[in-house]
Amino acid sequence: MRLVAFDFDGTLSDSEMTVLLGEREGVADEMAEITERAMNDEIGYARSLRERAALLEHVEEEEAEAAYGEVELRPGAADVIRR
């Protein structure tokens, strides 16, 4: 038996769920600022994740499902998953 693990957002898909959700909730710019601060080592990844998640605290299930419907797999990703 073998186990292969992938980061889905931005690796197997061309989409980032947090970005799609942020756009739907009108907080994409705030999320981008938090991400930039993390990339610049101004805050840690865990803190950036908590801050971004807090911005999405009130996302309704229907909105999350609609955002997920916009996700597109990278070419060949389905083949990799199937194998």
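Start by selecting Glu-16: leaving out residues up to four places away in sequence, Glu-16 touches Asp-9 and Gly-10, where contact means heavy atoms within 4.5 Å. Before going further, a word on ground rules: this is a predicted model, local features need pLDDT of at least 70, side-chain atom pairs count only at pLDDT 80 or more, and totals for chains, interfaces and linings use all residues. Residues are numbered from 1 along each chain as its sequence is written, and side-chain values use heavy atoms, with hydrogens and water left out.

Back to Glu-16, which sits in the loop between H1 and H2. Helices here are DSSP runs (H or I, at least four residues; strands would be E, at least two), numbered from the N terminus. Glu-16 has a relative accessible area of 35%, so it counts as partly exposed; buried means under 20%, exposed over 50%, and partly exposed in between, using a 1.4 Å probe and protein chains only.

Next, show helix H2 (residues 17-25) together with helix H5 (residues 61-68). How close do their axes come, and at what angle do they cross? The axes come within 9 Å and cross at roughly 125°. Those axes are lines fitted to C-alpha atoms, for helices over the stretch in contact, and the angles run from 0 to 180 degrees between N-to-C directions. H2 and H5 are therefore oblique to each other: under 35 degrees counts as roughly parallel, over 145 as roughly antiparallel, 65 to 115 as roughly perpendicular, and the rest as oblique.

To see the contact itself, pick Met-17, Leu-20, Leu-21, Arg-24 and Glu-25 on H2, then Glu-63, Ala-64, Ala-66, Ala-67 and Tyr-68 on H5. Color by class and you get seven nonpolar, no polar and three charged residues. In that scheme Ala, Val, Leu, Ile, Met, Phe, Trp, Tyr, Cys and Pro are nonpolar, Asp, Glu, Lys and Arg are charged, and the others, Gly among them, are polar.

Stay on H2 and hide everything but its buried residues: Met-17, Leu-20, Leu-21 and Gly-22. These pack against helix H1 (8-12), helix H3 (28-39) and H5.

Time for the salt bridges, of which the structure holds six; each is a side-chain nitrogen of Lys or Arg within 4 Å of a carboxyl oxygen of Asp or Glu. Select Glu-63 and Arg-24, whose closest N and O atoms are 3.1 Å apart. Glu-63 is in helix H5 and Arg-24 in helix H2, so this pair ties together parts 39 residues apart in sequence.

Now try Arg-74 with Asp-14, a salt bridge with its closest N and O atoms 2.7 Å apart. Arg-74 is in the loop between H5 and helix H6 (77-82), Asp-14 is in the loop between H1 and H2, and the two are 60 residues apart.

Last stop: Arg-47 and Glu-51, whose side chains form a salt bridge at 2.7 Å, N to O. Both lie in helix H4 (residues 45-55), four residues apart, about one turn of the helix.
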